[in-house]
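Open the model in your viewer and keep the selection tool at hand. The stops below say what to select next and what is there.

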Amino acid sequence: MEKKRIVALRRLNEAHLQRLRETFEVTYFEEPQQQPEAVAAALCRAHGLIGGKLQVSPAMLDEAPQLEVVSTISVGYDNLPVAELSRRGILLTNTPDVLTETTADTAFMLIMASARRLVELANMVREGRWTQHVGEPHFGHDVNGKTLGLVGLGRIGQAIARRALGFNMRVLYSNASPKPVLEAEWGIERRSFEQLLAESDFVCLSVPLTEETEHLLGYEQCRAMKRSAFLVNIARGKVVDEAGLIRALEEGLIAGAGLDVFEQEPVAPDSPLLRMDNVVTLPHIGSATHETREAMANCAAENLCQALRGERPRDLVNPEAWALRHPHPLQ
Ligand code: NAP
């Protein structure tokens, strides 16, 4: 039987590609952004698409009549036209769960690093500017015993909350739906977004990027925070109005920030955020460990295989597309 054809985009290693080649005819692009026409041409004949940071336009989908599944190697899918995929009956899958703990580690690393001024003080040592015992001008702030406000208490938010409770923090959350079981079990408390901003020593964003959450936090929201508070963003850059955040930091409305994600990535080298000692900036590494990226690639490959075998994939994002492909489910 003729093999189904898939287009694979970075980052899949040789072992993943070899496994996929056993079942599919694979066209792989390591640098797809440099070959958009070749990617589009390959997609015209493809049954499946797998990769990270996928850029898929409705026009590309129009030219890909055989496409059955798009498998993104990420949990977020704000970069993909979900409604357009669903309308065409193209399944969309993502990689939840396998990256939860690692991304929560990144969030907590940013909480600790910004509160204790890790990058600023480590640079002082590396650059030979540690000439006398540090005094008050170099002191940081405690994390233990403080209040963490989690905006988004989904998989990653909950994993951050567990870490915070281990640090004896008080945990507040604002979330689309209430989590009464977690409130009872963990002693965490739900707040409105506005109330959470006012009460928290650390505000951590862990919501998906949607129309509702785009620019959720900007200058006015920073003004509603404590002047001693820190903002941590491991969600998506566009959840923050970056210009508003920069202005708030310049005016000292908040104490600092820890940012894994930016409105534009890679962040512009002349961004004022890069010149601020009280801002810790990371290159979008929330899930970037060997173990977790391997698990994400395996998860995405498994979802792709399930879909192309005609099975309902484990991590299906758009059940509407499945319903369109299978209008008469078995009774
Ligand atoms: P999740 O389990 O779906 O959790 C998202 C949570 O946000 C849910 O609890 C949801 O509420 C809540 N929410 C959605 N819209 C909201 C709104 N408008 N206001 C308040 N709460 C809202 O997703 P996850 O696995 O935790 O991942 C969260 C996001 O993190 C991803 O979408 C991705 O963008 C980002 N992420 C970043 C990295 C990185 O490398 N920095 C890595 C992984 C993920 P309900 O419970 O009511 O649905």
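Start at the ligand and select the side chain of Asn 175: one of its N or O atoms is 2.8 Å from an oxygen atom of the ligand. A polar contact here is a pair of N or O atoms within 3.5 Å; within protein, one must be able to donate a hydrogen and the other to accept it, and residues adjacent in sequence count only if both atoms are side-chain atoms. On its own the ligand has 940 Å² of accessible area, and the protein covers 82% of that. Accessible areas come from the Shrake-Rupley method with a 1.4 Å probe; for residues, only the protein chains shown count as cover.

This is a predicted model, in which local features need pLDDT of at least 70 and side-chain atom pairs count only at pLDDT 80 or more, while totals for chains, interfaces and linings use all residues. Residues are numbered from 1 along each chain as its sequence is written, and side-chain values use heavy atoms, with hydrogens and water left out.

Now select everything around the ligand. How many residues surround the ligand? There are 26, and the closest are Ile 156, Asn 175, Ser 177, Ile 234 and Asp 260.

Next, zoom out to the protein chain. Its secondary structure comes to 13 helices and 12 strands. Helices (H or I, at least four residues) and strands (E, at least two) are DSSP runs, numbered from the N terminus. The C-alpha trace spans about 75 × 50 × 30 Å along its principal axes. Of the 331 residues, 48% count as buried. Buried means under 20% relative accessible area, exposed over 50%, and partly exposed in between (1.4 Å probe, protein chains only).

Select Ser 200, in the loop between helix H9 (193-199) and strand S9 (202-205). Is Ser 200 buried or exposed? Ser 200 is buried, with a relative accessible area of 0%. Its side chain reaches the backbone oxygen of Leu 196 at 2.7 Å, and a polar atom of that side chain lies 3.4 Å from the backbone nitrogen of Gly 149. Leaving out residues up to four places away in sequence, Ser 200 touches Thr 147, Leu 148, Gly 149, Leu 172, Lys 226 and Ala 229. Contact means heavy atoms within 4.5 Å.

Move to helix H11 (residues 242-250), where Glu 242, Gly 244, Leu 245, Ile 246, Ala 248 and Leu 249 are buried. Their cover includes helix H10 (219-224), strand S10 (230-233), strand S11 (256-259) and strand S12 (279-281). After H11 comes Gly 252, with a positive phi near 70 degrees.

The loop between S11 and S12 holds Pro 266 and also Pro 269. Select Glu 265 with Pro 266: a cis peptide bond joins them, and omega is about -10 degrees. Pro 269 is exposed, at a relative accessible area of 75%.

Two further stops concern phi. Most residues other than glycine have a negative phi. Asp 97, in the loop between strand S5 (91-93) and helix H5 (100-115), has a positive phi of about 70 degrees. Asp 97 is partly exposed, with a relative accessible area of 45%. Asn 168, in the loop between helix H7 (155-166) and strand S7 (170-174), has a positive phi near 60 degrees. With 60% relative accessibility, Asn 168 counts as exposed.

Finish at Glu 68, in the loop between helix H3 (58-62) and strand S4 (69-72). Glu 68 is buried, with a relative accessible area of 14%. Its side chain makes a polar contact of 3.0 Å with the side chain of Lys 4. Among the other residues that Glu 68 touches are His 47, Leu 91 and Arg 325.

Methods
A residue is near a molecule or strand if one of its heavy atoms lies within 4 Å of it.
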